[in-house]
Structures are given as structure tokens and as C-alpha cells.
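Trainee: I am new to this structure and would like a guided tour. May I ask questions as we go?

Mentor: Please do.

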Amino acid sequence: MKKISVSYFLLVIVCFSCDKPKNEGNKSSINRPLTIDSVAVLDETNYTLGQPASFSFISETDFVLATKQGDISIYNLEGKRKHTFRKIGTGPQEYLDPSYISVHENKIFVWCKQLLKLVVFDLDGTPLMEYNNFSNAIRDFEIVNGKVFFYISGAASSSLIEVYDLESQRYLTELVRTDEESALLNMLACVGGLIVKDKQVYYVSSGNLAIGRIDPNSLVAPKVTPIMDPEFSVEKLSLSKYEEIGNNIGLRIDFVNKNSSVGAIQTIDNLFVIRTEVGEYEYENRFDPASFDRSNRFEKYLVLDESMNLLRSYKGPISNTSNCLIESNGKSLFSISAEETSGKGDFYYQLNRINLVN
């Protein structure tokens, strides 16, 4: 068993020119109770599982999990660990921390945020390739048509999404830039992100309830579709107001805790799922998390059809599940959570199913 800590890192996000908002007044989108079921406890027999950092499905039944301590393991939905490998180091085809992982064509792509490189392994853990001429920190990445779409972490008005060609090993283009609201909300860990559906790339940004679609063949400006939810609210900022808040850590904390945010995008079957947080935290001391009242803050999942029409939403109390630990196997949405053992400060890790059925 082990003790865990909560960490934050900065991510930067944007929304481009937009179509007309979808779903205003859609009665079918009334909130439903959010329920999450335990599926399995992750096996630690003869092995100590470190703190999970990222996971990605290989198939409907198997997924690969990276820990902050450097292990990369393959598990099935019953929680059985099938294989583990570890390639810690600063040499070729090694990493210091497998921050984000993605599976593509039965290859495991591992992003190391300390060394700013992408290392590729087969499913047995054999190193195949590395790409290391990067200069930006990232929040997420997806691979399609021989291109890596990087969701960039950085400062306001910088790149949000950049495209890298694996064959030529060079950047092709910058597609999206950031906005002020998202730059501040990116104090939160693991907000915004990318998915691939039907060989198209979709993204969400933390400060805008919208889905952007990128055609990986043409690489033109994304088409962005806003989604309407009356509970989602983010204060729009002038440049001077953004600079005032950005230069004051207390005001930044207030902004993050008083505004909604977009956490992740996934797909199940032919549907899109967006995870958001809505409502406000209340507190007497902004620098003391123990003083935070969560009763008016909620996590909310929005389910949309292929045309991005809002079908329904699910709302529940804020949990401690990281957006980096929510993934789809194509049929259901899963999360990995830390569960305390008998109030002793030790934890085991649990695979959960997030129930988003009609």
C-alpha cells in the first residue's frame, strides 16, 4: 500500500471561431443522477502499484497503465496484472516519468515530460523508437495518419494544438492558440484534451464548453461547435483583467474555484462525452484546502450525439478522480480512483465504470 499526493500543473487552452450553439432548451438534457460502480481492484500480488498517472485501452478488455514511479503495466477489466515493464533512465529509448500514454496500432507511445520526448514500445515492453526534438510541455496527445497531435501546456496566447509528423520527425503546423480564461483555469490538473473518432481529431478546452474538430488530412482551422449548458459559467476576461488575476496567486485561486471548467472528452459507441465541473467552491481561506466547502460544486458529464446535439447529462458530487484517469474502451467509460484502506492513510487502486446509459 502507499500514500498519494495531489499535484497541479499548468495547461493552456483555446476556442476558435464558433458555429451556432447546440441544444438550447433541449428537454432531454435534464440532469440525471451520476452513478459510478466499482469494477475491480487492481492486482498488487507480489507487486506494489505506484500512483497511476495515465492509462489507455488496448482493446475492450485490456488497458495499459503508467505510474508516476515509472512502471508501465497491462491490466484486464478484472484487475489482473498481465505484464509490467520499466525503462527508467536518460539514455536512448528510456524515460524518467511516463506522464501520458496512448496506444496506437498495438504500440505504446509514452510521453516523458521531464525529458520532453516520446518513446515507443511494443506491447511486451520492447523499445522500438523515440522522438526527442520537442520544446514544449504537453497535456495530452493523439496519433492519427502518421501524425501526432499535441495538446500543448503553456502560457496564455501560446500554442494549444501543434501537429508533428512521425516520418519526417518535424513539426507541421500550429492549429489553435490559447485564450485568457483557459490559461487561468489550467491551474487545475488534467483539464482539456484530445480524442480521435472516425480518423478525425476532436478537442476541448478548459474555459470553453465546445468541441473542436480537426481534419488530419487538410490541417485547416478547426471547426468549433459550442454546447449549451445553463449551469456552465466562465467569466470572460479583458486582457488587463487577465493580467491582474494572473499576477496574483490568490486571485487565480479564486477564479479557478468560482468558475466552471471542462475536464476531458471521450467517446462511447457513436457518442461524445464531456466531463465538466460546475458550481462554486466556498471557503474561508483560499490557501487552505481543508476549509473548502464542496456542497455547491459538482462534476457533470454531458452526452452528445455525432452531430454534437446534447442528449442527456449526469451530475453528482465532486470526486477525487483525475481527468487523466478517465478513459473509454469504446463501449463504456472507466476511471481509476485511489481508495483509502481502513482510515490508515494507505490506498489501493480501483477500476470504476461511469454509468452513462440511456
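Trainee: How do the residues of the lining of the second largest pocket divide into nonpolar, polar and charged?

Mentor: The lining of the second largest pocket has 16 nonpolar, 15 polar and six charged residues. Here Ala, Val, Leu, Ile, Met, Phe, Trp, Tyr, Cys and Pro count as nonpolar, Asp, Glu, Lys and Arg as charged, and the others, Gly among them, as polar.

Trainee: Before we go on, what kind of model is this?

Mentor: This is a predicted model, in which local features need pLDDT of at least 70 and side-chain atom pairs count only at pLDDT 80 or more, while totals for chains, interfaces and linings use all residues. Residues are numbered from 1 along each chain as its sequence is written, and side-chain values use heavy atoms, with hydrogens and water left out.

Trainee: Back to the pocket: what volume does the second largest pocket have?

Mentor: Its volume is about 790 Å³. Of the 37 residues that line the second largest pocket, the closest to its centre are Ser56, Ser102, Val103, Glu142 and Glu327. A pocket is found on a 1 Å grid over the protein atoms alone, as an open set of points where a 1.4 Å probe fits, with protein on both sides within 12 Å along at least five of seven lines; lining residues have an atom within 4 Å of a point. Grid points are joined across faces, edges and corners, and the volume is the space filled by probe spheres set on the points.

Trainee: Which strand gives the largest share of that lining?

Mentor: S11 does, with six residues. S11 (137-144) is one of the strands that each supply at least two lining residues, and S3 (52-57), S7 (98-104), S15 (193-197), S19 (261-268) and S23 (326-328) are the others. Strands (E, at least two residues) and helices (H or I, at least four) are DSSP runs, numbered from the N terminus.

Trainee: What is the order of the open sheet of four strands?

Mentor: The order is S7-S8-S9-S10, with antiparallel pairing. S7 and S10 (127-131) each have a single partner strand and stand at the edges, so one side of each lacks a neighbour in the sheet. The twist averages 20° from one strand to the next, where axes are lines fitted to C-alpha atoms and angles run from 0 to 180 degrees between N-to-C directions. Two strands pair if DSSP finds at least two bridges between them.

Trainee: Over how many bridges do S7 and S8 pair?

Mentor: S7 and S8 pair over six bridges, in the antiparallel sense. Tyrosine 100 has tryptophan 111 in S8 as its bridge partner, and histidine 104 stands opposite lysine 107 in S8. The hairpin of S7 and S8 has two residues between the strands, and glutamate 105 takes a positive phi near 50° there.

Trainee: And S8 with S9?

Mentor: S8 (residues 107-112) and S9 (residues 117-122) pair in the antiparallel sense over six bridges. Isoleucine 108 has phenylalanine 121 in S9 as its bridge partner, and lysine 107 stands opposite aspartate 122 in S9. In this hairpin, with four residues between the strands, leucine 116 takes a positive phi near 50°.

Trainee: How many residues of S8 are buried?

Mentor: Five of the six residues of S8 are buried, so S8 is largely enclosed by the rest of the structure. In S7, seven of its seven residues are buried. Buried means under 20% relative accessible area, exposed over 50%, and partly exposed in between, with a 1.4 Å probe and protein chains only.

Trainee: Changing topic, where does proline 33 lie?

Mentor: Proline 33 lies in S1 (residues 31-33), and at 66% relative accessibility it counts as exposed. Its C-alpha atom is separated by 5.5 Å from that of tyrosine 314, 281 residues apart along the chain. Leaving out residues up to four places away in sequence, proline 33 touches Tyr314 and Lys315; contact means heavy atoms within 4.5 Å.

Trainee: Which sheet includes S1?

Mentor: S1 belongs to an open sheet of five strands in the order S1-S22-S21-S20-S19, with mixed pairing.
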